[in-house]
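Visitor: I have a model open on my screen and a few labels I would like to understand. Could you walk me through them?
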Amino acid sequence: MKPFHLVENIRSLRSDHKALVIAAAFERGAAAVRVAPAVPDMRSRERLSASFARGDLETWSYDERYAQSATDPRALLPDARSVICIAVPYASPPVARERLQGRVSNYAWSEDYHRRMRTMLAELAAILNEAAGADVCAIACDTKAIAERAFAERAGVGWVGKHTNLIAPKLGSFVFLGEIVTSLELEPDEPLRKSCGTCTRCIDACPTRALRGDYTIDARRCIADLTQRTDPIPREMRPLIGEWIWGCDLCQDVCPPTARASHAHESFRPLDAQTGAPPLVHLLSLRSGEFKRRYARTAMGWRGAAVLRRNAAIALGNALDRSAAPALAVALENDPHPMVRGAAAWALGRIGSPQALAALEAAHTAEADEGVREEITAALEPYGPRVALG
Ligand code: B12
């Protein structure tokens with residue numbers, strides 16, 4: 001048995017370190033900081049495995065090994081004892097949008113949150129390391145193998161809603177999550193006993209039916225996933241994307257605790273008006289200079305410029321505005337990326353004006369890429385045998 005004074009010392013150190021990190025995190029914009037024990041979370045391991053087995057996250061190449069490591073913090077830090085879970089709110093007021101401007105998700109229109117969160121987490125880790133007199137931390141935000149929602153839920157930061165996002169009391173679900181996995185033994189917090197009850201607003205609001213209602217998602221149908229794909233978006237999903245060009249907020253906008261939450265710090269506002277609501281015709285011809293200047297600084301930059309041009313073409317196809325046909329015709333003729341040419345063909349087919357159909361017919365003869373030719377044929381198909389395709 002440890003002598004009483006030693007037990008007391010350990011207790012006070014545990015609470016000192018926790019108080020230290022909580023205060024420092026709040027100073028840096030966090031709105032919830034709670035601790036989960038760093039033990040394997042078998043319940044969420046089963047959920048991750050089940051989700052991967054169903055193919056829900058097919059586009060992400062997660063496997064059983066990922067499910068194992070993401071649910072065991074010791075995979076990040078072998079002598080991990082605690083996971084400090086941090087939520088940073090990012091909700092900002094809706095952006096004014098005019099016709100033929102794309103929709104961007106709230107999380108992506110400001111300076112890339114990965115950078116901000118990692119800077120904050122690294123500062124907090126340095127504070128803890130200094131207090132402990134040793135290297136005792138690993139940090140994670142989004143890209144490391146750790147089931148962030150599961151640990152945040154275990155720590156009592158909030159509960160996982162039917163839209164599968166973590167909802168924090170008073171803050172809602174527009175919160176980024178970050179973790180400090182540490183070998184320090186900190187007082188763990190208790191999970192909340194909350195759920196969404198009978199509310200189904202997010203499920204009803206999702207145009208692609210990605211949310212099943214049992215707290216799971218078919219990510220292949222989620223607009224956030226579709227707009228990040230680097231291969232062509234399945235044709236049947238395209239009309240359902242509307243004018244979203246990156247991510248989607250529909251399931252969270254209607255979520256009562258999220259709608260009630262107040263707005264976050266102004267640093268999460270759009271970089272500028274164009275980043276929050278990009279003019280689609282302009283975006284369709286986005287080249288690397290402007291891409292680097294504007295989008296590469298945001299969370300919508302990581303898939304490259306062609307993905308944004310492709311998304312602009314799909315959004316224009318959904319806007320059904322004839323005035324976009326000339327720009328789409330130029331993209332179909334000249335864009336260096338077959339995926340963008342294919343999306344432009346689809347959009348021209350949706351618009352279906354004489355000018356749009358003429359552009360499709362001309363491109364079919366000139367197009368060398370088999371996949372794009374197939375898109376053109378499919379785009380012209382509803383208009384019958386008015387054209388003889390070579
Ligand atoms: C891959 C990924 C995606 C994929 C898949 C999303 C998904 N729901 O799985 C796509 C591209 C679709 C996506 C979209 C978004 N993402 Co994302 N994404 C991730 C990432 C990298 C991994 C998520 C993962 O492992 N999914 C697999 C599923 C099975 O695991 P999980 O989400 O942890 O699942 C838990 C719940 O579903 C729950 N659960 C499952 N079944 C059941 C059943 C019951 C009864 C209950 C109660 C719970 C429950 O338990 C699971 C395990 O704990 C995380 C970062 C990370 N490393 O965790 C960010 C992360 C989840 N994403 C984030 C964000 C912000 C978004 C978007 C809001 C962005 C946007 N606006 O476009 C959308 C939200 C879409 C949505 N409704 O989920 C935030 C979420 C913050 C929050 N408040 O929850 C994270 C945590 C990144 C971060 N560090 O802030 N994302």
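Predicted model: local features only at pLDDT ≥ 70, side-chain atom pairs only at ≥ 80, totals over all residues.

Visitor: What makes Asp335 count as buried?

Guide: A residue is called buried when 20 or more other C-beta atoms lie within 10 Å of its own. Asp335 has 22 C-beta neighbours inside 10 Å, so Asp335 counts as buried.

Visitor: Where is Asp335 placed, and which residues does Asp335 touch?

Guide: Asp335 sits in the loop between helix 14 (325-334) and helix 15. Not counting residues up to four places away in sequence, Asp335 touches Arg309, Val340, Arg341 and Ala344.

Visitor: How far is Asp335 from Leu360, in sequence and in space?

Guide: The two are 25 residues apart in sequence, and their C-alpha atoms are 14 Å apart in space.

Visitor: What is in the largest nonpolar core?

Guide: That core has 118 residues, and those with the most contacts inside it are Ala87, Ala313, Leu328 and Leu348. Helix 15 (residues 338-351) provides the largest share of this core, nine residues. Both domain 1 (1-274) and domain 2 (279-390) contribute at least three residues to this core. In soluble globular proteins, nonpolar side chains tend to be buried together.

Visitor: Which residues are in contact with Ala313?

Guide: Leaving aside neighbours within four places in sequence, Ala313 is in contact with Leu284, Leu328, Ala331, Val340, Ala343, Ala344 and Ala347. Each of these pairs has C-beta atoms within 7 Å, because that is the cut-off for a contact.

Visitor: How do you know that domain 1 and domain 2 touch, and how far apart are their centres?

Guide: The C-alpha centres of domain 1 and domain 2 lie 35 Å apart, yet 27 residues of domain 1 are in contact with 25 residues of domain 2. On the side of domain 1 that touches domain 2, helix 4 (113-132) and strand 8 (244-246) are the elements that give two or more residues. The residues of that side divide into 13 nonpolar, nine polar and five charged.

Visitor: What makes up the shell around the ligand?

Guide: There are 36 residues around the ligand, and the closest are Ser44, Ala150, Tyr215, Ala224 and Gly247. At least two shell residues come from each of helix 2 (42-54), helix 5 (148-155), strand 7 (175-182) and helix 7 (223-226). Helix 2 gives the most, with four residues. By type, the shell residues are 20 nonpolar, 10 polar and six charged.

Conventions:
Residues numbered from 1 in each chain as written. Domains from an automatic or database assignment. Contact = placed C-beta atoms within 7 Å. Nonpolar A, V, L, I, M, F, W, Y, C, P; charged D, E, K, R; others polar. Core = buried A, V, L, I, M, F, W, Y, C linked by C-beta atoms within 7 Å. Buried ≥ 20, exposed ≤ 12 C-beta atoms within 10 Å, placed from the backbone. Near = placed C-beta within 6 Å.
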